[in-house]
Amino acid sequence: HKDGKRRHVETITRMKCGVSAFEDAYHMGTERSTGENLAKVVRPLISHSKVIAVVADNTGNNTGAKTGLFAALQYSMPWLICLGCAVHVLDLLVEDLAKLPKLAATGADAHFLVTFTKKHGILFEEFLQAQAKTGCKLELVIFPTTRFAYLYLMCQRAAANMGALYLVSMSPVFETIKFQLKRRGKDGEKAV
């Protein structure tokens with residue numbers, strides 16, 4: 001974490017039997033985040049206990065510093081298991097999977113469906129009436145498409161409201177708006 005004029009702060013967490021708790025925050029000051037400097041922070045915390053593993057954040061520290069940290073710690077404690085944060089690794093994997101063509105197309109369709117419904121007030125009123133008929137109380141929310149987690153939430157809400165969205169797609173209001181947009185063409189130009 002950045003901390004004002006100081007270079008950054010390292011957050012230390014201690015885990016035991018599936019429980020994670022804040023341990024300490026170490027102000028690095030102007031020290032660089034080299035592997036050896038990070039090891040100086042970690043060594044005193046693990047030298048006098050029965051530590052079996054160290055997990056380093058994949059995003060807060062660059063790969064070279066993390067690799068250097070692990071090498072410096074394993075030099076004196078060769079049994080030590082050193083891991084990158086599994087949550088960050090899985091997050092990056094899911095982000096890459098979401099770029100596969102079929103998944104990307106599904107996400108784009110959900111994003112269009114939600115934004116089209118919410119963008120047009122009269123259509124959104126139709127949606128709210130249809131939602132009352134289907135009994136779904138989960139609100140449609142427009143999220144940015146920058147992260148898969150946001151897109152997932154949008155898809156989840158669209159799927160939960162699929163009955164209401166289907167009813168809206170069958171309404172004359174939907175057909176009228178769609179027809180007007182086709183006539184207008186792309187970017188406000190007249191369609192040919």
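This passage describes the fold of a single predicted protein chain, from its overall make-up to selected residues.

The model is predicted, with local features requiring pLDDT of at least 70 and side-chain atom pairs counted only at pLDDT 80 or more, whereas totals for chains, interfaces and linings use all residues. Residues are numbered from 1 along each chain as its sequence is written, and side-chain values rest on heavy atoms, with hydrogens and water left out.

The chain contains 8 helices and 4 strands, where helices (H or I, at least four residues) and strands (E, at least two) are DSSP runs numbered from the N terminus. Read from the N terminus, these elements follow the order β-β-α-β-α-β-α-α-α-α-α-α. Of the 192 residues, 29% count as buried, a term that stands for under 20% relative accessible area, with exposed meaning over 50% and partly exposed the range in between (1.4 Å probe, protein chains only). When contacts (heavy atoms within 4.5 Å) are considered between residues at least 6 apart in sequence, 53% of them join residues at least 24 apart.

Strand β1 (residues 9-16) and strand β2 (residues 19-27) run antiparallel and are joined by 8 bridges, two strands being paired if DSSP finds at least two bridges between them. Within this pairing, M15 has S20 of β2 as its bridge partner. The two strands, β1 and β2, form a hairpin with 2 residues between them, and C17 in the turn has a positive phi of about 50 degrees.

A nonpolar core is taken as a set of buried Ala, Val, Leu, Ile, Met, Phe, Trp, Tyr and Cys residues joined through side-chain atoms within 4.5 Å. The largest such core has 19 residues, and those with the most contacts inside it are I46, V54, L69, F70, L73 and L80. Two or more residues are given to this core by each of α1 (35-46), β3 (53-56) and α2 (63-76), and the largest share, 6 residues, comes from α1. Not counting residues up to four places away in sequence, F70 touches V54, A56, C82, L83 and G84. Apart from this core lies another, of 15 residues, among them L123, F127, L165 and F174.

Helix α4 (residues 101-119) and helix α5 (residues 121-134) have axes that come within 5 Å and cross at roughly 105 degrees, the axes being lines fitted to C-alpha atoms over the stretch in contact and the angles running from 0 to 180 degrees between N-to-C directions. The helix α4 is therefore roughly perpendicular to α5, since angles of 65 to 115 degrees count as roughly perpendicular, those under 35 as roughly parallel, those over 145 as roughly antiparallel and the rest as oblique. The contact involves F116, T117, K118 and K119 of α4 together with G121, L123, F124 and F127 of α5.

In helix α4, K118 counts as partly exposed because its relative accessibility is 27%; leaving aside neighbours within four places in sequence, K118 is in contact with F124, E139, L140, V141 and I142. The C-alpha atoms of K118 and L140, which are 22 residues apart along the chain, are separated by 7.9 Å. H111, also in helix α4, is partly exposed, with a relative accessible area of 21%, and its C-alpha atom is separated by 7.5 Å from that of L151, 40 residues apart along the chain. S171, in the loop between α7 (162-169) and α8 (172-184), is buried, with a relative accessible area of 6%, and, apart from neighbours within four places in sequence, is in contact with L123 and E126.
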